[in-house]
Amino acid sequence: MTGFINVNKASGASSAKEVAAIKRLTKTPCGHMGTLDPMASGVLPVAIGNAARLFDYFLDKRKKYFATFRFGTDSDTLDSTGNVLENVGRIPTKQEIAEILPQFLGAVAQVPPRYSAKNVSGKRGYELARAGVDFSLPPKTVKIYALKVFDNKLADCYDFEIDCGGGTYIRSLARDIAQRLGTRAIMSSLVRTQSGPFLIENAVKSEDLTENNIKNRIIPTESLLPFDSIYPDEKTGFKLFNGLTVNCEKPDGIYKIYKNSVFYGLAEVKQSILKVRIKLC
């Protein structure tokens, strides 16, 4: 059994717990394509079987979020799960926020949260932070394609729609927007609405899956890969599927490759040489 389940992760559940539920139902090793913090909900793609070998092809995909930022508040975790400090800054207007959002578009230097899975000398950031160790994380470049703020639901909260590249920390974005306005803010809720080709409209809650219906929710691996296809003939295929390379006139790049019309995996053309890179069947 191989493919993907587009899970709609519940708020409060860990990504590992959701993966474990799929593993129990499919009786197959599984892994997620990019974790979600326990407080967050939404799209969590879970790879079943050999589909997990495609991790690198999905990790940096474009993602979309719907988040709520609470202003005038701070937290050691940059969200509402940490030690929250109230009344530590002013509440900006929607117009003030909207005017500075263009400054956060494009390639942006962003410092990850201390409470994150970033590696620091062999330790996770959250492990060091919980132990009270003083450390700093270097900024990393992330890409933000679109940012939109909505009218506040509560006196100190605004909703945001964020279209960004992989690796963007939405908690850090809340902090940075607030700092630019001379105040503080934390993330109080987060929903991932898209992760690459996976959309929340098509996601399913793991609690609604059973051994009887899960096969109907498995998305075929090949349908999610935006690459052209190669169908080698018998002679060429014999070489390729035995680890050899062949000449190829196609442009350099990644391709889906088929063996006897069955999806086999991914191949790469480089300087007119074709070679199988990942076997999935």
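Mentor: V149 stands opposite F160, a residue of strand 11. The model is a predicted one, in which local features need pLDDT of at least 70 and side-chain atom pairs count only at pLDDT 80 or more, while totals for chains, interfaces and linings use all residues. Residues are numbered from 1 along each chain as its sequence is written, and side-chain values use heavy atoms, with hydrogens and water left out.

Strand 11 covers residues 157–164. Strands (E, at least two residues) and helices (H or I, at least four) are DSSP runs, numbered from the N terminus. Two strands are said to pair if DSSP finds at least two bridges between them. Strand 10 (140–149) is joined to strand 11 by 5 bridges, and the two run antiparallel. Strand 4 (63–71) is also antiparallel to strand 11, with 8 bridges joining them; in that pairing, R70 has C157 as its bridge partner.

Is strand 11 enclosed or open to the outside? Because 7 of its 8 residues are buried, strand 11 is largely enclosed by the rest of the structure. Buried here means under 20% relative accessible area, exposed means over 50%, and partly exposed lies in between, with a 1.4 Å probe and protein chains only. As a general point, side chains in a regular strand alternate between the two faces of the sheet.

Contact means heavy atoms within 4.5 Å. Leaving aside neighbours within four places in sequence, F160 is in contact with Y65, F66, A67, F69, F71, I97, L101, K148, V149, F150 and I177.

F160 also belongs to the largest nonpolar core, which has 27 residues. A nonpolar core is a set of buried Ala, Val, Leu, Ile, Met, Phe, Trp, Tyr and Cys residues joined through side-chain atoms within 4.5 Å. The members that touch the most other members are F69, F71, I97, F160, I162, I170 and I177. At least two core residues come from each of strand 4, helix 3 (94–100), strand 10, strand 11, helix 5 (170–180) and strand 12 (185–195). Helix 5 gives the most, with 5 residues. Another core, of 15 residues, lies apart from this one; A51, L225, Y258 and F263 are among them.

Strand 12 leads on to a further group of strands. It pairs with strand 3 (residues 41–48) in the parallel sense over 2 bridges, and S41 has V191 of strand 12 as its bridge partner. Strand 3 is mostly covered, with 8 of its 8 residues buried. Strand 1 (residues 3–9) is joined to strand 3 by 7 bridges in an antiparallel arrangement, in which N6 stands opposite P45. Strand 2 (residues 30–32) is likewise antiparallel to strand 3, through 3 bridges, and C30 stands opposite I48. S195, found in strand 12, counts as buried because its relative accessibility is 3%. Leaving aside neighbours within four places in sequence, S195 is in contact with M33, V43, P45, R62 and K63.

Elsewhere in the chain, 5 strands form an open sheet of mixed pairing, in the order 14-16-17-18-15. Its edge strands, strand 14 (229–230) and strand 15 (246–247), each pair on one side only. Strand 14 and strand 16 (residues 253–259) pair in the parallel sense over 2 bridges, with K256 as the bridge partner of S229.

Two loop residues deserve a remark on backbone geometry. Most residues other than glycine have a negative phi. The phi of S272, however, is positive, near 70 degrees; S272 lies in the loop between strand 17 (262–270) and strand 18 (273–279) and, at 41% relative accessibility, counts as partly exposed. L78 also has a positive phi near 70 degrees. L78 is placed in the loop between strand 5 (74–75) and strand 6 (84–85) and counts as buried, at 9% relative accessibility.

As for the whole, the protein chain has 6 helices and 18 strands. Its C-alpha trace spans about 70 × 45 × 40 Å along the principal axes. Of its 281 residues, 46% count as buried. Among contacts between residues at least 6 apart in sequence, 65% join residues at least 24 apart.
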